[in-house]
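This briefing covers a sheet, aromatic ring pairs and charges over rings. The sequence and structure come next.

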Amino acid sequence: MKTIRKAAVIGSGVMGSGIAAHLANVGISCLLLDIVPAEQGKEDSANDPKERSRLAAGAIERVKKAHPSPLYDLSFAQRITPGNIEDHFEQLRQVDWIIEAITENLQLKKELYARIEQVWTPGTIVSSNTSGISIREMAADCGVEFRKHFLGTHFFNPPRYMKLLEVIPGPDTLPDIVNGMVDFCGKRLGKGVVVAKDTPNFVANRIGTYGLLVTLQEMERGGYSVEEVDAATGPAIGHPKSATFRTLDLVGLDTFVHVARNVYDNIPAEAAEEKAVFAAPPLLERLAANGWIGEKAGQGFYKKIKTPGKGSDILALRPETMEYAPRSNISSASLTAAKAAKGAPAKLQAFLSTPDRYSELAWNILKRVLVYAADKLGEIADTVADIDLAMKWGFNWQLGPFETWDAIGVRQSVAKMESEGMNVPAWVKEWLAAGHETFYEERNDMRFYVHRNEYKGMETKPESISLAALKRQNKTIRSNPGASLIDLGDDVACLEFHSPNNAIGADILTMIQQSVEEVRQRYRGLVIANEGRHFCVGANLMLLLMEAQDGEWEEVDAIIRLFQNTMMDLKRLEKPVVAAPHSMTLGGGVEACMPADRIYYAAETYFGLVETGVGLIPAGGGCKEMALRASRLAAGTEADVQPYLNKTFETIALAKVSTSGFDTANLGYMRPHDRVIVNADHRIYEAKLAVLEMDRAGYAHPSEEKIRVAGEDGKAVMQLGALAMRQGGYISDHDLLIAGKLAHVLAGGNAPAGALVSEQYMLDLEREAFLSLTGEPKTQQRMQHMLMTGKPLRN
């Protein structure tokens with residue numbers, strides 16, 4: 001397969017422009033084409049190039065303004081060139097990958113592929129982003145060479161954020177093209193790739209749509225409300241909080257009906273029972289007829305309203321009257337049991353084993369979905385693992401259908417299904433008859449899944465290092481309740497946080513200290529990474545608040561000194577250290593990364609010093625490290641440090657958080673040798689390689705640097721900016737107080753302008769300011785509010 005450096009996307013709608021944006025995200029230049037608008041707007045504009053390409057150009061502008069952004073960085077939009085399919089079609093000869101993302105109409109697609117073939121350069125990949133139309137039929141009229149390079153690449157919306165990409169070969173697609181695209185989409189685009197069969201709606205949408213439609217049937221049969229269904233089909237069964245109806249509102253009921261109809265139209269008449277499920281329910285038809293198609297219309301199964309003086313409120317649909325009413329809070333013994341359990345399998349077991357109307361609803365839905373998934377094995381995908389991964393990556397399920405079945409007990413549940421009249425596929429019963437109890441099995445430190453009546457080992461790629469698997473292989477070097485040190489092989493260790501929310505407390509600090517000593521004596525270097533939902537949400541705020549409320553200032557001082565000293569120990573380690581953060585990396589989590597020689601950010605890393613939101617300033621070295629970055633930048637350009645400090649002050653004072661790993665550069669966090677890893681599953685592998693690379697190159701620990709400070713005048717400049725914001729009503733008096741303390745620290749306290757100060761000097765300033773703010777009642781109120789609500793208080 002040829003190297004993909006330049007691509008073209010035809011169709012600039014939501015999906016087409018989103019795909020173009022994600023290609024731009026990973027450095028691929030992209031031509032975005034659409035039709036010439038039917039109405040030019042002005043009589044003399046028919047030949048205006050900008051007017052003729054305004055649909056694609058307008059799509060790029062919408063991408064730049066969208067929230068959440070389809071782009072890792074707004075500047076990446078420059079990699080997308082707008083055009084139209086009349087004036088710029090010949091340019092398709094120059095690209096390496098052509099992606100069709102036009103409306104879901106088979107005839108229109110066939111006509112477009114006939115045109116593409118006329119300008120097609122042999123070897124160029126051509127793919128469709130269809131969500132369910134036959135790949136074979138779309139290219140049926142094209143030549144065999146073209147068909148060898150043609151396949152489906154079904155991105156999930158939004159392309160930047162959704163992990164799943166289904167690759168669907170046609171009957172003539174070359175195996176090298178399929179394998180090459182699987183590899184490219186995984187490594188370069190950061191996707192979780194599942195190879196699907198060319199069947200209606202492929203894998204995830206086939207199972208997911210069936211499950212949503214079954215849920216609507218069971219809702220009507222049992223007389224459940226919208227809120228009751230969502231309570232029973234969310235986290236309690238390992239599904240997202242959006243559950244059923246919030247998901248449908250987000251997807252759009254019109255889109256969902258279209259997807260369901262595609263399956264309905266393509267299922268043969270002899271499969272009458274399956275076909276009937278995919279018929280659009282009357283309730284969805286009524287909602288669509290009213291234009292109540294979900295969030296994009298302002299209402300669907302839920303409706304958000306603004307109440308004067310009270311903010312916004314959410315109403316829920318009452319299907320029997322087609323009116324909206326305030327949402328009901330649903331509680332029950334089964335839901336309480338699920339909430340108390342830890343981990344998706346345990347939650348599911350607790351939920352289903354506590355009999356009431358909600359667990360009964362969940363069972364009635366799940367049993368049908370599980371049997372359907374088993375029935376479709378081999379038809380929509382080759383393996384149970386592919387089906388499970390598709391549902392986890394495409395619908396954000398915590399457990400795929402077969403993992404769900406294992407969690408509830410395959411043998412017991414099959415017996416119950418059959419007693420209730422379900423037809424369980426023969427292969428499942430044969431598997432049980434052979435003495436097996438689960439579809440997956442763990443042995444010899446490997447995971448196996450059922451495949452053609454035997455267990456087959458899960459494919460593992462060297463780029464995907466699993467800390468959980470390494471721990472099962474007894475690779476743990478040290479461990480305590482908050483963190484572990486794990487052997488990654490090749491004499492590289494990994495420090496893993498695993499406290500609640502990965503918040504930094506005494507356990508993690510102790511493990512960092514022990515890890516530094518262990519690596520110093522026995523290893524070539526250290527990686528700091530974990531596999532939690534978030535890398536680290538900050539320091540243990542509860543402990544700090546309790547000590548502050550009790551007036552234990554010496555204890556607070558000791559906690560901050562311990563944090564600072566631990567980070568300096570990490571920074572002074574004579575071996576290479578690479579931090580690999582992901583997702584939320586806030587406050588103390590940022591400070592745990594900053595001492596590293598390199599930071600390898602996951603593309604989806606939301607990185608920021610947010611302490612001002614709880615009435616504090618960074619005091620674990622965050623202010624010191626940012627002042628050091630500003631000092632380096634000024635020294636590199638022989639410029640005044642003030643402009644760089646002003647930007648740093650704004651970043652910290654406003655608690656700015658990066659919108660991606662790439663955005664950390666805009667906030668001043670990223671250094672020239674730091675990197676962004678698009679596939680988060682490869683972070684630890686790439687970080688380990690970086691450690692080995694530095695070690696092989698003869699790692700020399702950098703000497704401690706002095707920090708050039710701005711002094712009193714620089715402090716005044718920053719404080720003046722904060723005062724202007726206060727006078728403009730943008731910040732409160734307490735915000736102004738915090739900003740003053742922050743300015744004092746960043747400017748180097750009372751040191752003269754241009755003075756060179758030590759890192760310890762800056763750490764002392766941090767700690768003094770932090771202690772002072774901890775004693776402020778309004779800061780304690782902010783801390784308490786954050787702990788109780790998870791949201792900042794602006795008092």
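**Charges over rings**

R79 lies over the face of F76, 4.0 Å from the ring centre; a charge sits over a ring if NZ of Lys or CZ of Arg is within 6 Å of the ring centre and within 35 degrees of the ring normal. This is a predicted model, in which local features need pLDDT of at least 70 and side-chain atom pairs count only at pLDDT 80 or more, while totals for chains, interfaces and linings use all residues. Residues are numbered from 1 along each chain as its sequence is written, and side-chain values use heavy atoms, with hydrogens and water left out.

- R447 lies over the face of Y440, and here too the distance from the ring centre is 4.0 Å.

**Aromatic pairs**

- A search of the whole structure finds 20 aromatic pairs, where rings of Phe, Tyr and Trp (its six-membered ring) pair if their centres lie within 6.5 Å, and planes under 30 degrees apart count as stacked, over 60 as edge-to-face and the rest as tilted.
- The pair of Y72 and F662 is stacked, because the ring centres are 5.3 Å apart and the planes are at 20 degrees.
- Y72 lies in the loop between α3 (54-65) and β3 (80-84) and F662 in the loop between α27 (642-653) and β23 (675-677), so this pair ties together parts that are 590 residues apart in sequence; helices (H or I, at least four residues) and strands (E, at least two) are DSSP runs, numbered from the N terminus.
- Y72 is buried at a relative accessible area of 3%, whereas F662 is partly exposed at 22%; buried means under 20% relative accessible area, exposed over 50% and partly exposed in between (1.4 Å probe, protein chains only).
- W97 and F184 have ring centres 6.0 Å apart and planes at 90 degrees, so they form an edge-to-face pair.
- W97 is in strand β4 (residues 97-100) and F184 in helix α7 (residues 175-187), so the pair links distant parts of the chain, 87 residues apart.
- W97 is buried, with 0% relative accessibility, and F184 is buried as well, with a relative accessible area of 11%.
- Y113, W120, F146 and F150 are linked into a cluster by ring pairs.

**The sheet β12-β13-β14**

- Three strands form an open sheet in the order β12-β13-β14, with antiparallel pairing; two strands pair if DSSP finds at least two bridges between them.
- β12 (440-443) and β14 (455-457) are the edge strands, each pairing on one side only.
- Strand β13 (residues 446-450) runs antiparallel to β14 and is joined to it by 3 bridges.
- V450 has Y455 in β14 as its bridge partner.
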